[in-house]
Protein chains: 2
Amino acid sequence: MDAHLLCVAQTTKMLRNLAAWLKEAETFAGEKGFEADRWLEMRLAPDQYGFARNVQAACDTAKFLAARLADIEAPSHPDDEKTMAELHERIAATIAFIEGVKSFDGAEERKIVLPFLPEGTWVTGQEYAVSFAVPNFYFHVTTAYAILRDKGVALGKRAFIGAMDVKAG
Amino acid sequence: MDAHLLCVAQTTKMLRNLAAWLKEAETFAGEKGFEADRWLEMRLAPDQYGFARNVQAACDTAKFLAARLADIEAPSHPDDEKTMAELHERIAATIAFIEGVKSFDGAEERKIVLPFLPEGTWVTGQEYAVSFAVPNFYFHVTTAYAILRDKGVALGKRAFIGAMDVKAG
């Protein structure tokens with residue numbers, strides 16, 4: 001398992017894409033003449049997480065993925081963001097933490113204890129990454145995107161995927 | 001890069017989860033008394049892909065990820081599913097193809113030519129997997145889930161994530 005690829009490369013790329021969608025949503029708010037911070041409470045079904053909660057969950061999932069696989073403490077983020085500017089800060093802080101992780105030695109076989117699993121149980125680092133953290137991360141990133149897209153922001157697949165390192169010759 | 005993990009383990013797990021959501025949607029249709037095949041045209045925004053198209057795109061993304069990284073031909077699927085039963089068959093055929101792939105030797109550095117990139121350009125197998133195929137796969141899987149969830153099917157995060165290999169002791 002390439003832990004850096006799973007825990008750093010793909011999450012920081014998608015978090016930067018997410019920050020770009022926030023900017024598009026702010027531009028859209030400006031064009032339509034509403035307060036951009038209203039996005040934080042937008043949601044799909046009324047019993048699903050709203051936009052801000054999806055951004056927070058995406059950040060937390062990426063943060064804990066890196067921290068648990070590197071066996072280090074994750075910084076605390078109390079989920080108290082009330083503005084788009086604060087969501088941008090949360091994303092930036094998450095990226096900075098993840099990119100600062102020095103080593104994932106032993107990540108694949110590390111015993112990971114998860115707060116939502118029964119006491120005394122654990123999963124391997126690889127199982128945690130591939131069977132929980134990566135799908136959960138993309139779940140919240142995609143739902144955040146879907147909320148903006150569904151409410152009129154002109155996002156497309158290119159904005160979702162972001163840049164690729166394309167070579168010629 | 002662990003190509004089997006990226007191209008087989010995570011995609012087949014999520015495709016099996018997707019098939020389970022289809023069954024929940026069929027049960028919901030039965031309870032509410034509407035034709036389950038009506039799900040195929042359900043969508044979020046009117047200019048986004050509908051449910052069937054998201055299932056097809058998820059299947060195709062997973063199929064091409066495995067085929068391109070293994071350097072073998074992918075089977076053709078003409079996207080002509082008209083019923084939930086046919087969507088189940090499409091998912092099952094995709095899983096069977098992916099699980100039948102024998103070797104991913106050389107996948108990481110393989111030159112991958114993509115039909116939607118300019119002629120003469122390519123990306124590495126790793127870049128294709130992590131920067132395009134995996135996020136694109138989760139995008140369509142999550143959007144399919146969101147359509148059902150948004151229209152009333154009682155899906156939760158547990159159904160999205162599916163089973164984990166939890167160990168004790």
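A residue is called buried if 20 or more other C-beta atoms lie within 10 Å of its own, exposed if 12 or fewer do, and partly exposed in between, with C-beta atoms placed from the backbone. This is a predicted model: local features need pLDDT of at least 70, side-chain atom pairs count only at pLDDT 80 or more, and totals for chains, interfaces and linings use all residues. Residues are numbered from 1 along each chain as its sequence is written, and chains are lettered from A, with ligands numbered from 1, in the order in which they are written.

View 1. B:D79 is not a glycine, yet its phi is positive, about 60°. This residue sits in the loop between α2 (51-70) and α3 (84-99) of chain B. Helices here are DSSP runs of H or I with at least four residues, strands are runs of E with at least two, and both are numbered from the N terminus. B:D79 counts as partly exposed because it has 13 C-beta neighbours inside 10 Å. In chain A, look at A:D71, also a non-glycine with a positive phi of about 60°. A:D71 lies in the loop between α2 (51-70) and α3 (84-99) of chain A. It has 15 C-beta neighbours inside 10 Å, so A:D71 counts as partly exposed.

**View 2. Helix α2 of chain A and the residue that follows it.** α2(A) has 20 residues. From first C-alpha to last it reaches 29 Å, close to the 28 Å expected at 1.5 Å a residue. The expected span is 1.5 Å times one less than the number of residues in the helix. Of the 20 residues of α2(A), 17 are buried, so the helix is largely enclosed by the rest of the structure. A:D71 follows α2(A), with its positive phi near 60°.

**View 3. Chain A as a whole.** Chain A has 5 helices and 3 strands. Read from the N terminus on, its elements run α-α-α-β-β-α-α-β. The radius of gyration of chain A is 17 Å, close to the 15 Å that the globule rule gives for 169 residues, so chain A is as compact as a globular protein of that length. That radius is taken over C-alpha atoms, and the globule rule is 2.2 Å times the number of residues to the power 0.38. Along its principal axes, the C-alpha trace of chain A spans about 50 × 50 × 25 Å. Buried residues make up 42% of the 169 residues in chain A. Among contacts in chain A with a separation of 6 or more, 71% join residues 24 or more positions apart. Two residues are in contact if their C-beta atoms, placed from the backbone, lie within 7 Å.

View 4. Strands count as paired if DSSP finds at least two bridges between them. β1(B) pairs with β2 (residues 121-124) of chain B over 2 bridges. There, B:I112 has B:V123 as its bridge partner. Across the chain boundary, β3(A) and β2(B) also pair over 2 bridges, in the antiparallel sense. A:K167 has B:W122 as its bridge partner.

**View 5. Strand β2 of chain A and its partners.** Strands β1 (residues 111-112) and β2 (residues 121-124) of chain A run antiparallel, joined by 2 bridges. The bridge partner of A:K111 in β2(A) is A:T124. β2(A) also pairs with β3(B), antiparallel and over 2 bridges. A:T121 stands opposite B:A168 in β3(B).

View 6. Helix α4 (residues 125-150) of chain B has 26 residues and reaches 35 Å from its first C-alpha to its last, close to the 38 Å expected at 1.5 Å a residue. A kink of about 35° lies at B:A133, shortly before the proline B:P135. The bend at a residue is the angle between axes fitted to the seven residues ending there and the seven starting there. Of the 26 residues of α4(B), 24 are buried, so this helix is largely enclosed by the rest of the structure. B:G152, with a positive phi near 115°, follows α4(B).

**View 7. The contact between the chains.** The contact takes 36 residues from chain B and 37 residues from chain A. On the side of chain B that touches chain A, α4(B) gives the largest share, 14 residues.
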